Each structure stands twice: as C-alpha cells, then as structure tokens.
Amino acid sequence: MYAKYVVTRLINAVLLIMVTVLVLSTIFSSVSDRELKAQVEEQVLAAVRTNRGYAQLNETEKAQFRQGIRDNLYSQYDLDKPIYERIMKYTASILTFDFGKSLRMSSRSGSNEVKDIVLEALPRTILLFTTAETIVVAIGILLGIKAAQRSGSILDKGISVFAILSSSLPMWWVGMLMILIFSYSLNIFPSGGLVSLPPPTGIEYVIDLLWHLTMPLITVILVSFGAWAYTTRNLVIGTMQEDYITVARAKGVPERKVLYGHVLRSSAPPLVTMITTTILLSLGGAIITESVFNWPGMGRLYWVAIEEFDTPVLMGNTFVTVFLYVFAMAVLDLTYGLLDPRIKVGGRR
Amino acid sequence: MKKAEERGASPKVALSVENLKLYFYTSRGAVRAVDGVSFEICCGQSLGIVGESGSGKSTVAFGIMNMPPAPGKIVSGKVTLDGVDIFKLPEEKLRKDIRWKKVSMVFQGAMNALNPVYTVKFQMTEPFIYHMGMKGNEPEVVERISKALESVGLKPEIMDRYPHELSGGMKQRVVIAMALLLNPALVICDEPTTALDVVVQAQIMNLLKELKRKTGIAFIFITHDLSIEAEIADDLCVMYAGKIVEKGSGMQVYKNPMHPYTQKLLAATPLLHKPVDRLEFIPGAPPDLINPPKGCRFAPRCQYADERCKTEEPEHMIEVEPGHFIACHSVRW
Amino acid sequence: MNKFILEVENLSVWFPLRHTISEVFSRKPQKYVKAVDGVSFSVKRGEIFCIVGESGCGKTTIAKSIMGLIPPTSGTIIFDGKPVEKFDRKHLLGYRRITQMIFQDPYASLNPRFRIRDVIEEPLLIHGIGQNRAEREKMVKDALTKVRLIPVADFIDRFPHMVSGGQRQRVAVARTLVLGPKLIVADEPVSMLDLSIRAEILQLLRELKEQNNLTYLYITHDLSTARYFTDRIAVMYLGNIMEIAESDEVIDHPKHPYTDALIAAVPEPIPERIDEIKSVPIKGEIPSAANIPPGCRFHPRCPYAQERCRAEIPELREIQKDHFVACHFPLSK
Amino acid sequence: MAGGDDIRVSDIREGLSDFWKEFRRQKIGIIGLILLFILIFVATVGPYLTDFPEAGPRWRDINYWQDNPRSAPPAWTNWLTAKKDMPHENLRGYYENIESNVRTLQYNYTYAYDEPPNNLIVYISTYYHDAKYPPKLNFSIERPDGLRVYIYETYLNLPTNMSSYGDYSRDDRLVIGSSPQARKTAMDFAKKYESAYNLNRTQIEFVNPLLPLFSKAQPGLLISKEASPLAGKYTFIVTLLVGGASDEVNESRLLLSGSVYGVLGTDNFKRDLFAGIIGGTSVALIVGLLSAVIAVGVGIMYGITSAYLGGWKDETMQRFNEFIYSLPMLPILIAIAAIMKPSIWVIIVLIAAFGWTGVAKVARSLGLQIKEQTYIEAAHALGASGWRILFKHMIPIVAPYSFASMALFVPGAILIEAGISFLGLGDPTIATWGQILHDASYAAATLTGMWWWIIPPGLAIAVVSMTFVLIGSALDTILNPKMRRR
C-alpha cells in the first residue's frame with residue numbers, strides 16, 4: 001500500500017515539474033528571444049573583427065559572410081525555428097537535465113556548460129546554508145522544547161519575543177549589519193567572498209574558507225533559529241495537552257522521558273517533515289543573502305544570471321530550485337506517512 | 001460500610017481524601033472545581049463517584065494523583081494513600097513510588113489514552129522500566145504483559161499492534177490491563193465505558209467486576225451514570241458543583257436517597273424494566289463555579305430550599321444513618 | 001387519509017469506498033459501505049416511532065436520508081402518500097418545511113455566530129414566510145414561548161453559547177416548530193444532555209406533539225429512554241432492521257437474539273445485584289459495514305446461529321400481530 | 001439571499017466591544033496597535049514634518065537634493081564625538097530698509113565647531129522695474145572678532161533679451177563657497193595674517209574660502225590642519241543696492257552646508273535619509289496591506305468555495321492551488337521583476353498572486369471542518385440554498401480568521417518587496433526602504449562605515465513587519481481558539 005502511495009506521489013511530483021518547466025520555458029523563451037538575437041549580432045561582429053580576410057571582401061560578399069555566420073548561430077540557438085518548437089525542445093532538454101551552454105559565464109575550470117557552473121555553486125551553498133540550517137534546526141528544537149517545558153517562564157517569553165523580532169528582520173540586512181560591525185568596525189572577519197585572493201593552499205585554504213564562512217553562517221543562524229524554536233514550542237505544547245501524555249505522566253514516566261520520548265516522538269511527523277524540507281530547500285541558497293556576502297553559491301549564481309541576462313543559466317538554476325522544491329514537498333508527504341503509523345496512505349490531508 | 005465487613009474484606013483504609021480543594025485559575029477568576037471533598041476507601045472495596053458534567057468528579061481523580069491539569073492548583077487537602085501522605089512527597093518520589101505503582105488510572109476516552117505512535121507493547125513496558133528498574137526486554141516483562149492482556153480477555157499477540165489497529169472495546173481493555181500491570185493498591189476508573197456501545201459496555205463492566213473480585217484492589221469508579229455505579233460501587237459519593245452532597249453505601253443511597261439532588265437524579269433515570277409515566281427533572285442549570293451561590297449550591301434548583309439554604313452553606317455532612325451522610329439543611333429524617 | 005405519514009420501502013444507502021488504481025485495472029467490483037441495506041418501515045400519523053441501535057448500525061443515515069441530506073442508493077421514501085425523491089426543487093423545499101430535524105449535539109447544531117433570534121428566523125427567511133420583520137419577529141417569539149424559553153425577551157438576543165445545554169436544545173426545537181412541521185426526525189435529542197434535564201426536553205417534546213399534531217421519528221441508542229418515550233421501536237443492526245414492535249412488547253418479549261442481548265446489556269440501578277456478572281450472550285463488537293457477513297448478518301455473534309443462518313438472509317416477517325422480526329429462529333420468551 | 005437588514009448596527013457594536021475586551025488583554029497586540037497608529041501617522045503627516053516633503057516621488061531627482069552635503073552623518077553624532085562637525089543649517093534673516101535704495105538682510109549664526117562649513121549658499125528672490133538698473137548684491141561677513149570681510153559682489157542681471165521697463169522678478173542661488181570671486185577675497189583677507197611659508201605652499205585653486213573666514217586671524221588660517229576655528233557670533237550681511245524705491249526682496253535664506261546633517265544624515269547622492277525613510281513608510285504600508293488584503297481575500301474565497309463544492313471540482317481547484325504552491329516564490333518573482341521592470345502595483349499583485357495559496361489551503365481545511373458541522377447540516381435540512389450556506393453560514397465563521405492571517409501576511413510581503421528593491425528591481429519612480437539599502441549596498445556603504453545609511457532603513461522594515469507580527473499573533477490567539485472550540 002505504502003509503496004503504491006510513494007509511486008503515485010512521485011508521479012504527481014514529476015508531472016508537476018514538467019508542467020512548471022513548460023510554463024517557465026514559455027516565459028523565458030519568449031523573453032529571451034530578443035536578447036538572444038542581440039547576442040548573435042554581437043557574435044557576428046566579433047567574428048567579423050577577428051576574421052583577417054574580411055576587409056578584402058566586397059560589400060555583397062561581406063553581407064553574405066555575415067549572413068552565413070548569423071544563420072549558423074541562429075540554427076545553433078534554434079532561432080530559425082518557430083517559437084513553440086523551441087519551447088518544446090527547450091522543455092525537453094531541461095527535463096533531461098541538459099541545460100545547454102551559458103551565454104556569458106563560465107565555471108572556474110573554464111567550462112561554459114550550465115551544468116558545470118551549477119555544480120560548482122551547489123557545494124558552496126551546501127557548505128553555508130545546509131550547515132547553517134542544520135545548526136538552526138538543532139538549536140531551534142532544543143530551545144523550543146525547553147520553552148514548552150517551562151511554558152510561561154522568562155525563557156519561554158524571551159523565545160517568543162525573539163522569534164517575533166527575528167522573523168521581522170530581513171536576513172540580508174542583518175548580513176549588512178554584520179559586515180558593518182565585524183568587517184568595517186572591528187575588522188575581525190572578511191566582508192565577503194569564498195576565500196582570500198589569491199587563495200592560499202593546503203590546510204590554510206580550509207582555515208581561510210572557515211574564516212570567510214563564519215559571518216554568513218552566524219547571520220543565517222541568528223535570524224532563523226527563533227522561528228524554529230517558536231514553532232517547535234507550539235507543536236510540543238499542543239502535543240503535551242493530549243490525553244496520552246497525561247497517561248504517561250500518571251504511569252510515572254519521568255518528565256524527561258515524557259518529553260523526549262512521548263511528546264517528541266508524537267510531534268515527530270510534522271517536525272521531521274519540516275526538517276527535511278528546510279534542509280532540501282536550503283540547497284537553493286538565499287539569493288539576497290548570498291549576494292550581500294558575495295558568497296558564490298546557488299543564490300548568487302541565480303542573481304548574477306539575472307543581471308547578466310544569461311537565460312540558460314537562469315533557466316538551469318530555476319529548474320534546480322523548482323526540482324528541489326517539488327521534490328521536498330513530495331518527501332514531506334512521504335515522511336509523514338512513514339512516521340505516523342495512523343497514516344499509511346494519504347499524505348498530509 | 002457494614003457490607004465490607006460482612007464480606008470479610010480487610011477494613012484497612014486504602015485511600016483517604018480529606019477536604020480536597022482544587023481550583024482552576026482562569027482569567028475570569030478561580031473556578032472552584034473541587035471544593036472541600038472528603039471520603040475514604042478500604043482495600044478491596046469500590047467507591048463510586050457520580051455526578052453530572054462540571055460537577056468536578058474527574059478533577060478529584062487528578063487531585064488524588066497530585067497531577068492537577070493546568071491551570072489547576074491543589075489549594076488544600078490531604079490525600080493519604082496506603083498510609084502515605086502524598087502531598088508531602090517530593091515530585092520525584094511521587095513519580096517513582098506512588099503513580100502507577102500504588103495508584104493507576106483508567107482514563108476517560110481510551111481512544112486518546114494510548115499514544116498513537118507507539119505499539120501496545122511499548123506502552124505496557126514503560127511501567128516496568130520506570131518502577132521495577134527493568135530494561136524492558138526481559139522475557140519476564142513480556143510474560144507479565146501477556147498475562148495482563150489475557151486477564152482482560154485479549155490475545156497476547158495484539159501487543160505488537162498500534163492503537164489505531166484496535167477496536168474501541170479492545171483499546172479500553174488494553175487501558176485496563178495497563179492499569180493492573182503493577183498490582184496497585186488503587187485503580188481509578190474515569191468514565192471507563194462512556195464512549196462504548198451498550199453491549200461492549202456490559203462486557204467491560206463484567207470484566208471490571210471480575211477483576212474487583214479477584215484482585216482485592218480498591219477501585220474508584222467515576223461516571224455520570226447511576227445505573228452503572230449500582231452494578232459495581234460498594235460505596236457511593238454523589239457530587240454536585242464541586243462538592244459531595246451525599247455519600248453512603250450503594251444500598252443506602254439507592255434505596256433511601258436523602259439529599260434532594262440524589263432523589264431527583266434517581267427519579268430522572270429511566271428504567272428499562274420499570275416504566276413510569278412521568279420522569280422527573282431538575283429545572284435550571286448547575287451554578288457558575290467562579291461565583292457559586294452563597295448558601296447551598298443546589299439551593300437555586302431545590303424545591304425544599306428555604307432562607308437558610310440560600311444564605312448558609314451546609315459545612316458539615318450529617319450522618320442520617322450509620323455510614324450515610326448528606327450535606328443538606330432542609331431534609332428531615 | 002393515509003394511516004401512515006411516512007413509508008420507507010427497501011431503502012438502501014451505500015457509500016462507495018475509494019477505488020484504488022490497481023483495483024480498477026484488476027476489474028475488482030467496486031466496494032461499498034452498506035450503511036443502510038434494504039430497510040422498510042412505516043410511521044403512523046401521530047406516533048413516536050423509534051429506531052434503536054448501536055453506533056454504526058445506520059440509524060442516523062436513515063434519518064438523514066429521510067431528510068434528503070443523503071441521497072438514497074435505492075428504495076423509496078413515501079411521505080403522505082407521495083414518493084419523496086420524485087419531488088422537484090420546489091416540492092423538496094415544501095417537503096423540508098413539513099419535515100424537520102433535531103440534532104444530537106445542541107452545541108454544534110446552532111451556528112455560533114447567530115443570535116437565538118437569527119437561528120429561529122433563518123427558516124422563515126429560507127422559505128420566504130412572513131411579510132415583514134415585525135411579522136417574523138412575532139413568529140419567532142411564538143416559537144420561543146412554545147418551547148417555554150420565557151420570558152422571551154431574556155433569550156431572543158442571546159448567542160447560543162450564552163445559554164445552558166438544555167435551553168440550547170429547546171432553541172433547536174423552536175427552530176423546527178416555527179415552520180409548522182408534520183414530522184420531526186429527532187436524532188438522539190437528549191443523549192448529550194445531563195440526566196437531570198433529559199426528562200424536561202422529552203416532556204416538552206411530548207407536549208408539543210399533542211398540541212401541534214406532530215409525528216416523531218426518534219433515533220437513539222438508549223433503550224431505557226426509548227421505552228419511556230416512544231410508541232414503537234425498530235431495532236437495527238448493521239444496516240438492517242431486526243425487529244419492529246410496540247415498545248413494551250419489544251422490551252418485555254424480544255424475539256430477536258440481538259434485541260435480547262441488547263436488553264440484557266442495559267445497566268439498571270438495582271443495588272441488590274451488585275457485582276453480579278451479567279450474561280451478555282453475544283461476543284465481540286459490531287463489524288464494519290464494509291464487510292457484511294453473508295446470510296443473517298448477525299450470525300457470527302449469535303449464540304443460536306445454525307447452518308441456515310449462515311446461508312440464508314432472514315426476511316422481516318410478522319410473527320405476531322404488529323410484531324415483526326428478521327430471524328429464522330425467533331425466541332419464544 | 002437575506003437582505004441587508006439582517007445586519008444590525010448594535011450587533012456590530014457589541015461584537016466589536018467584546019472583541020476589544022479580549023484584545024485589550026493581549027499585551028503584544030496593544031504594542032502592535034500603538035506601533036500601527038504611529039506608522040499611519042508617520043505615513044500620512046510625516047513627510048510634511050521633514051525638510052523634503054516630496055522625498056518619495058523625487059528620490060531620484062538630483063536637483064531636489066543638490067544643496068545637501070554628501071555622505072553626511074546625522075547631526076547628533078556630534079554628541080558622541082570630541083570633534084564637533086558643523087551641522088547643515090538653513091538660516092532665515094531679518095530684513096532692513098536702511099535707505100531708499102539700500103536693502104539689507106542680516107543673518108546671525110553662532111558657530112562653535114571644529115570644521116568650517118563646506119559651502120555657503122544664498123537664495124534670494126527679487127523683483128525690480130528698470131532693466132537698466134538691476135539690483136546689485138553685496139555679501140559680507142562680520143566675524144566674532146569684529147573683522148568685517150566683503151566677500152562677494154554681483155549684479156542680479158536680466159537675461160539680455162528683456163525690454164527696458166516692466167516687472168521683473170528673478171530667483172537667484174549664489175553659491176558663495178565655490179565662487180572664484182569669493183576665493184579671491186578670502187585669500188586677500190588671509191594674506192594679512194598668514195605666514196609667508198604657508199602662503200607660498202598654498203595654491204589658490206584649492207583653497208576653501210570659508211576656512212580662513214571661520215578661523216582665527218592668525219598664521220595657519222589657510223591650512224585646514226593648522227587653522228584654529230573662531231567660535232562666536234557671525235553675522236552674514238546681504239546688501240542690495242536697488243534702482244528704484246519699489247524694488248524689493250521677496251524671499252531670502254542662507255544655507256550653511258555642514259558635514260553632519262539632520263536626523264539621519266545624507267547618502268552619496270546628498271539625499272536626506274530621514275526624509276527618504278519617512279517617505280517610504282506609506283509605500284511599505286501600502287505594499288504590505290494591499291497584497292495581504294488581495295491574497296487573503298482571494299485565498300479565503302477560493303478555499304471555502306473549494307471545500308464547499310467538494311468532489312472533482314474541489315480536486316481540480318486543489319491541484320491548481322498545489323501547482324502555484326509548488327513554485328518557489330522568490331526566485332520566480334525576482335526573475336519576473338528582472339524581465340518586466342514592474343511598477344509597485346504590479347509587484348503587489350505578483351506577491352498576492354503567489355501568496356494566496358497558503359491561505360487557501362487553511363481556508364479549505366477550515367471550510368471542510370465547518371461543512372461537517374451540524375449547524376450546516378441543519379441549514380441544509382431547513383432547505384437553505386448553497387449560496388446561502390456559503391455566504392451566510394460558512395464565510396462569517398472564517399472571516400475572523402482572515403484578519404489574523406492578513407496581519408500575518410503583511411511582514412512577508414514587506415520583506416519580499418524590500419528584497420526585490422534591494423536587488424534593484426523595484427519601482428524606480430518611488431523611494432522604498434529596500435531601494436535605499438540597494439543604493440547603500442551599491443555604494444559599498446558597509447565598507448565605508450556609513451552606518452546611518454544601512455541601519456535605519458532595515459530597522460524601519462523590521463518595525464513595520466514586527467507591528468503586524470504582533471497584531472497578527474494577538475489576533476490569532478484570540479480568534480483561533482474560538483474556531484477550534486467546537
């Protein structure tokens with residue numbers, strides 16, 4: 001039964017991804033049309049400039065020469081085909097993880113394959129955001145439980161207030177403040193970037209990387225853990241009102257075990273799904289925060305692609321994000337079913 | 001209380017509750033849910049606490065366990081269980097030595113009394129771990145769980161199931177089996193059959209009667225149903241608006257109810273085999289326990305109420321016959 | 001004029017179970033929860049007809065089906081000689097005016113954002129009765145007076161949560177009366193109320209019946225109240241009617257083993273019989289309506305079941321005057 | 001449908017007073033409410049209390065800001081530092097008619113700072129009648145040490161094509177601090193006191209004419225590090241020699257441009273940040289509230305309708321909802337913003353278009369719960385039509401919930417708009433806090449330590465979103481338990 005549910009849910013997710021990609025390709029293709037054509041003209045000019053024999057040609061020959069290159073490029077970018085055909089082709093290639101070549105960017109190894117560029121950015125985002133979110137989840141859950149345990153105490157109220165405050169702050173602005181304080185005023189941490197220039201080697205590289213990592217990491221944690229603690233607190237308090245928790249107490253189960261055994265285990269389905277989605281979604285990076293810290297991960301890549309109007313990179317990155325998101329939603333449904341013995345099938349609803 | 005001696009049960013007092021007060025502190029004021037309740041039970045005996053919704057009967061149970069549900073607080077009183085004044089014990093000792101070991105509970109609504117994410121076995125193992133210092137995987141534990149399940153008429157195999165895989169009656173049996181695991185001195189049954197259909201209810205009642213006879217455990221039965229109490233309670237307390245208005249042996253209360261509330265309540269109970277033309281009812285509604293009436297709490301609904309009833313609370317219960325008490329100014333006997 | 005106000009013939013209400021994809025491919029037949037499965041009975045003008053049964057037996061489904069809230073899968077409902085499902089929308093509206101329903105939970109059946117005035121005015125607005133506000137207000141006040149929520153001015157502008165449970169149920173009764181109905185379907189109207197006020201509502205219902213020439217279809221699980229309040233009883237089990245007869249006849253001389261078991265299971269306050277183990281002849285619990293046993297659907301739990309019961313479905317037949325039973329081997333008590 | 005006469009004013013009044021009684025007990029809600037009132041006041045009246053009431057719409061108009069100092073910290077930073085910088089000062093003068101053809105304007109100013117003003121600008125509007133005799137303006141300073149320096153002299157000339165007689169009026173902006181004439185007169189003044197060594201190494205082109213004028217008349221007054229500021233009362237005198245008796249000065253003021261400025265200083269583009277932040281309040285409130293109202297309104301209607309219809313219609317509506325829900329909002333929004341360069345209204349609609357799905361999901365599950373309630377069944381049994389049940393029974397139950405979710409939607413919307421603006425994709429025609437931060441980030445304000453450019457806009461965002469989080473959580477605690485109670 002469960003296996004069947006998994007299959008249906010995954011098919012559902014794949015369909016959703018396909019529809020989304022189709023819609024996005026339509027938008028991007030129609031918009032990038034003009035951009036691509038301008039791009040082609042640039043490349044034609046570049047070809048003309050670098051071709052030594054060009055100056056010797058007469059006017060018609062010159063025009064022919066230019067048209068030849070142009071046609072060549074048009075067919076390379078499929079600009080000679082009708083737009084719907086391009087959309088379909090584009091969708092198909094995206095769905096087969098073929099994102100094409102970047103128009104303007106290249107990876108550090110010099111490849112201009114979108115896939116390489118994205119794969120270069122992904123581990124950096126994992127290093128920053130996935131690490132940060134893992135710490136956030138850990139701190140948040142621990143604090144949330146403590147707050148629920150002493151509901152109404154100063155700790156509890158403090159956490160609620162902190163959650164309200166921190167969820168009102170833009171993370172990227174906190175990042176700017178951190179730079180102002182720790183880079184400009186105190187000069188403890190670098191203001192941004194992945195490593196110093198020129199990058200050191202060996203163990204020093206790792207230290208340098210961690211040194212660059214610290215401030216963005218602290219920023220993400222500082223802004224995010226309050227909300228986590230608050231959510232956990234509410235979940236735990238909700239569960240603590242269940243009859244079976246009273247029964248566990250009446251059974252003489254020690255308070256610690258009631259909390260970490262019964263309450264937490266019963267709150268596990270929503271918590272675990274929240275953790276899974278948070279971790280999965282962290283892979284997409286945070287566009288603005290990464291831009292503030294000049295952290296060359298997925299988020300900043302996305303931003304650079306927008307600024308440079310590099311449609312293939314933009315599309316590739318969007319697809320990866322959408323894929324992660326939809327996949328996270330599916331996993332969320334599925335873990336719920338796994339963790340709650342009452343729900344073998346049927347998902348969240 | 002004569003009956004107990006006749007049956008040869010030990011006259012040793014299993015539980016005594018003296019002047020228990022448990023208030024809920026809400027934003028509107030203190031709700032006097034249990035307001036000066038006293039009673040005692042002997043070993044092997046059963047006591048019924050009967051009352052309508054909001055009479056505070058379930059809250060008494062939590063008071064005995066010293067587990068007032070939030071925002072409740074025990075204001076005063078003394079609960080002596082097996083010779084131990086449990087309000088004087090530190091929480092840790094209470095947890096280790098009293099709860100479930102000395103007094104266990106069968107909760108209202110078995111559906112919610114079992115944790116949905118744990119198997120029956122896990123939930124039945126816990127008392128052994130926390131009171132007997134066992135690991136929980138010894139064959140002895142499994143053996144005792146099997147025995148307990150069998151004693152309530154369940155197959156031991158069901159211990160590997162999750163609560164949602166059991167029917168309502170089975171869940172109620174599991175909950176009863178769980179309460180008996182450690183052979184406590186007292187089991188409190190809070191509405192043990194309310195959510196069940198009449199046939200299953202009769203089965204569970206039979207089970208409880210058997211257990212009562214076999215085990216020598218003292219039982220408290222809390223319910224709103226006078227008929228069910230009649231089947232099992234040796235002694236009976238009738239509660240109204242946070243107070244006991246009448247207590248005595250089952251025989252005394254049913255045959256010779258003295259408090260106007262008890263009289264009316266019995267007259268309002270339809271009997272299957274003794275049809276009447278007209279059932280009685282009590283006009284009005286129970287009082288608001290934040291601002292209870294000054295005098296007797298039943299006075300506004302009582303046909304015998306006079307000036308004294310409206311101004312003066314019946315502080316002490318009057319013994320109308322040996323072992324039969326009422327809290328009433330007006331009834332003449 | 002027809003003797004019967006309501007005739008139900010061969011009524012079935014089946015709920016389709018979700019068909020999984022693999023079941024569609026393997027061409028397994030669609031499964032149903034047969035909540036009501038071929039039920040026939042007739043309600044006489046001016047009587048109180050009772051359907052009694054355990055939870056999940058389909059009694060509430062019948063009520064809702066008669067009210068047009070759940071479309072029947074098959075069968076006919078004849079009201080005043082006219083089949084109901086042939087009514088078009090206009091007639092259905094007319095039908096809903098003369099058949100009314102009282103629900104079990106007075107806390108849930110009144111919209112919490114409506115004042116009592118609005119609750120009772122709502123049916124008038126729906127059916128376009130009353131020329132203007134003043135006229136409707138008079139009708140609302142009349143209805144409240146009828147259910148003795150007096151002085152009317154004290155209640156009319158309150159919200160449901162500001163009055164007691166019994167008063168709330170009287171508001172629900174007033175809502176049904178305001179349209180001048182002929183038949184009232186009362187689905188456990190007192191089971192959520194405290195014992196001390198149940199009789200009050202039942203007496204009110206009985207008086208209103210006399211004053212307004214009403215007929216009641218009374219749905220309950222409580223045999224004691226049924227005997228006290230109703231004229232005839234139909235006993236339901238798993239979507240079928242097992243026995244129909246006059247109330248006293250059903251209780252005193254049950255012919256169906258299930259009825260017999262139900263009666264045996266009912267607790268009664270007889271203190272002499274304390275701790276007596278009751279003989280509940282049937283075992284287990286009512287099975288799911290998705291898995292109905294073949295033959296007599298009661299046979300797996302019936303102490304008298306024989307080979308014939310496993311194979312052949314018993315018809316509901318008249319074995320004495322006005323006493324119908326669906327059993328191959330009726331009891332002869 | 002029931003007519004409007006079903007709603008009684010007394011009902012509403014009573015309902016509101018009940019609600020208020022409960023709300024009053026929510027401390028956080030009261031704080032939020034007070035903040036909201038302050039914000040609304042700031043958004044409506046605030047701009048007129050600043051020097052630049054048009055800060056919002058003219059944020060990108062260089063001319064509007066031209067007289068301000070560049071990158072000046074807030075004036076109050078003087079309290080914190082030992083070195084006292086001169087704040088930006090607008091002086092109003094008093095006017096005297098000394099003789100029939102002389103008009104004198106005097107400005108008094110007490111100077112007690114460590115740095116001379118960056119600039120000195122005279123604004124004067126005059127009118128006169130005879131084109132042959134335009135007013136002649138003379139600007140001089142009387143220093144605390146009694147020295148009077150004549151700095152600047154000019155004719156407030158006509159444009160050449162004017163005829164000789166008529167009513168002529170003109171507005172002049174005389175930038176004294178950077179005029180070569182003033183530099184020369186200041187130099188002449190300085191020569192009297194300055195050491196030969198210093199004079200030798202001074203190039204006149206680089207002299208700030210205001211430095212010697214505001215320094216003690218002693219050697220070193222031309223060199224900023226050596227000059228010793230002369231504290232005390234200065235009088236700036238503007239004398240007009242006019243051609244006719246009826247020639248007049250209409251209006252005049254004198255601007256001393258300092259190096260600290262106003263409440264929150266200025267940015268790289270000389271813009272008054274305080275005015276910008278006050279001007280941005282209304283935008284933030286509009287973005288937050290409008291998108292919340294649209295999103296929650298659409299979400300509630302969608303969810304409830306879906307729940308009510310049930311069956312395949314519900315299924316289809318849910319699929320569509322899930323489709324939108326599965327799209328990562330911010331990346332797509334940013335991409336759309338980058339492509340479309342939308343106006344603030346389009347951004348609001350886009351935020352709402354992505355934001356309604358969550359509300360719709362909750363509304364649907366609420367709707368399903370309500371649909372199962374007995375009073376809905378009772379309404380069916382009474383013969384109520386579908387629409388009646390939807391509008392009269394179901395939506396009023398959900399409505400209170402919608403207020404809480406509206407309030408809780410606002411912070412998210414504001415943060416998203418700020419994020420989009422921060423990336424430079426916002427509406428370019430108005431000032432928003434995100435845009436101020438964008439400019440700050442673009443100018444690397446974090447690395448030049450211009451904290452007054454970074455902290456206030458972010459705090460403003462935080463205060464507005466916190467206001468609504470507070471109100472929202474208070475509403476949630478009051479309204480939601482009621483939903484669950486039965």
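Select C:Gly128, which lies just after helix H4 of chain C and takes a positive phi of about 60°. Helices (H or I, at least four residues) and strands (E, at least two) are DSSP runs, numbered from the N terminus. The model is predicted: local features need pLDDT of at least 70, side-chain atom pairs count only at pLDDT 80 or more, and totals for chains, interfaces and linings use all residues. Residues are numbered from 1 along each chain as its sequence is written, chains are lettered from A and ligands numbered from 1 in the order in which they are written, and side-chain values use heavy atoms, with hydrogens and water left out.

Next, select residues 116-126 of chain C, the helix H4(C) itself. Ten of its eleven residues are buried, so the rest of the structure largely encloses this helix; buried means under 20% relative accessible area, exposed over 50%, and partly exposed in between (1.4 Å probe, protein chains only). Among the buried residues are C:Ile116, C:Val119, C:Ile120, C:Leu124 and C:Ile126, and also the charged C:Arg117, C:Asp118, C:Glu121 and C:Glu122.

Strand S9 (residues 232-237) runs antiparallel to S10(C), joined to it by six bridges; two strands pair if DSSP finds at least two bridges between them. C:Tyr237 stands opposite C:Asn240. The two strands form a hairpin with two residues between them, and C:Leu238 in the turn has a positive phi of about 50°. S10(C) is also joined by two bridges to strand S12 (residues 323-325), again antiparallel, with C:Ile244 opposite C:Phe324.

Move to chain A and select A:Thr91, in helix H3 (residues 83-95). A:Thr91 counts as buried at 6% relative accessibility. Leaving aside residues up to four places away in sequence, A:Thr91 touches A:Val21, A:Leu22 and A:Ser25 (contact means heavy atoms within 4.5 Å).

Finally, select the whole of chain D, with its 15 helices and nine strands. The radius of gyration of chain D, taken over C-alpha atoms, is 32 Å, well over the 23 Å that the globule rule (2.2 Å times the number of residues to the power 0.38) gives for 486 residues, so chain D is more spread out than a compact globule. Along the principal axes, the C-alpha atoms of chain D fill a box of roughly 105 × 50 × 45 Å. Of the 486 residues, 55% count as buried.
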